[in-house]
Amino acid sequence: MATQTVNNNHHNDEFDPDDPETQREMMRPPDIEQDMKEMDRRRRVDVILNSQVFREELERIIESQLNDGYLPASLSALQQVTELLMPGASSRASRLGHSGPPINDIRGVDGLKYAKGEKLLRCKLASVYRLVDLYGWSMSIYNHITVRVSREQEHFLLNPFGLQYDEVTASSLIKVDLQGNVVDPGSTNFTFNKAGYVLHSAIHAARPDINAVIHLHYGPCVAVSAMKHGLMLCCQESCVLGHISYHDYRGLLVNPEERADIVRNLGPSNKVLILRNHGVVTC
Ligand SMILES: [Zn+2]
């Protein structure tokens with residue numbers, strides 16, 4: 001904190017070419033300068049997210065939405081946080097934010113039927129579906145995001161096949177086992193997309209270290225997946241993804257051999273798998 005105060009004061013000072021700090025700044029290469037600006041931006045976002053004022057503001061938004069908002073409070077709060085942290089997403093967020101049921105639709109005694117922690121996990125997963133939609137990464141009712149319910153049981157939650165991402169709620173999520181048997185059908189009459197789940201179950205079975213799998217057909221990701229060289233490590237954003245795996249996608253996953261190939265291609269520790277000419281998987 002003390003350092004920050006000194007820096008801020010420094011920027012407010014008159015320009016002094018003899019000041020050693022000014023000389024250091026002038027000699028900095030532009031990419032280091034850019035990195036420092038980015039680090040500074042992240043520090044500021046961190047300070048905001050962890051601040052008491054931010055928490056109070058968030059609580060105020062939720063409370064005012066509960067009292068007099070026409071949107072479900074959870075969705076409205078997500079929308080406002082998205083607008084705060086990602087200004088570019090605001091137009092889509094405000095367009096899509098006017099529809100959809102509340103994320104947490106598990107009320108009163110309904111919550112008792114879930115094991116400890118599952119209700120919260122359901123709310124979190126439903127929120128991820130909504131965020132994917134707010135960012136414009138969803139594709140109608142297709143693609144899946146799965147999450148492991150617990151380490152003891154090989155049970156997973158995923159979306160009912162038939163709901164748009166802005167309609168997914170905590171109670172509607174379907175619980176399935178690794179073999180694709182339904183453990184809890186959720187609150188809708190929809191079932192889940194079995195062919196789509198094959199990709200997720202193969203990864204969850206082979207990688208117990210992974211708790212969640214996201215598979216998307218977001219346009220820019222599909223474009224990268226269609227390029228021979230894949231994702232080029234030409235900027236810091238691509239470098240932070242770690243080692244990236246590739247799989248020559250062959251169509252609907254009905255062949256058990258392809259499941260084995262996917263697991264082999266993902267490897268024991270990678271977390272991003274590009275399905276060539278198809279899309280992306282992140283874990
Ligand atoms: Zn796909």
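Trainee: Let's start with the strands: what is the bridge partner of H247 in strand 7?
Mentor: The bridge partner of H247 in strand 7 is L275, and strand 6 and strand 7 pair in the parallel sense over 4 bridges. Two strands are said to pair if DSSP finds at least two bridges between them, and strands (E, at least two residues) and helices (H or I, at least four) are DSSP runs numbered from the N terminus. Before we go on, this is a predicted model, where local features need pLDDT of at least 70 and side-chain atom pairs count only at pLDDT 80 or more, while totals for chains, interfaces and linings use all residues. Residues are numbered from 1 along each chain as its sequence is written, and side-chain values use heavy atoms, with hydrogens and water left out.

Trainee: And in which sense do strand 7 and strand 8 pair?
Mentor: They pair in the antiparallel sense over 4 bridges, strand 8 being residues 279–282, and I274 has V280 as its bridge partner in strand 8. The hairpin of these two strands has 3 residues between them, and there N277 takes a positive phi near 60 degrees.

Trainee: Are the faces of strand 7 covered or uncovered?
Mentor: Both faces of strand 7 (residues 272–275) are covered, with V272 and I274 buried on one side and L273 and L275 buried on the other. Buried means under 20% relative accessible area, exposed means over 50%, and partly exposed lies in between, using a 1.4 Å probe and protein chains only. In a regular strand the side chains alternate between the two faces of the sheet.

Trainee: Changing topic, which residues are the protein donors of the zinc ion?
Mentor: The zinc ion has H215, H217 and H278 as its protein donors, each through NE2 and lying 2.0 Å from it. Donors here are N, O and S atoms within 2.8 Å of the metal (3.2 Å for Na, K and Ca), and since water is not among the atoms, sites may look incomplete. Along the chain, the donors follow the spacing H-x1-H-x60-H, and both H215 and H217 are buried.

Trainee: How many salt bridges does the structure hold?
Mentor: It holds 14 salt bridges, where a salt bridge is a side-chain nitrogen of Lys or Arg within 4 Å of a carboxyl oxygen of Asp or Glu. One of them joins D261 and R250, with the closest N and O atoms 2.4 Å apart. That pair links distant parts of the chain, 11 residues apart, since D261 is in helix 11 (residues 256–266) and R250 is in the loop between strand 6 (244–247) and helix 11. D261 is buried at a relative accessible area of 17%, whereas R250 is partly exposed at 48%. Salt bridges that share partners also join E118, R122, K175 and D184 into one network.

Trainee: What about E154, which residue does it form a salt bridge with?
Mentor: E154 forms a salt bridge with R148, the closest N and O atoms being 2.7 Å apart. E154 is partly exposed at 33% relative accessible area, but R148 counts as buried at 6%.

Trainee: Last one: where is S150 found?
Mentor: S150 is in the loop between strand 1 (144–148) and strand 2 (155–158), and S150 counts as buried at 17% relative accessibility. A polar atom of the S150 side chain lies 3.1 Å from the backbone nitrogen of Q153.

Terms used: A polar contact is a pair of N or O atoms within 3.5 Å; within protein, one must be able to donate a hydrogen and the other to accept it, and residues adjacent in sequence count only if both atoms are side-chain atoms.
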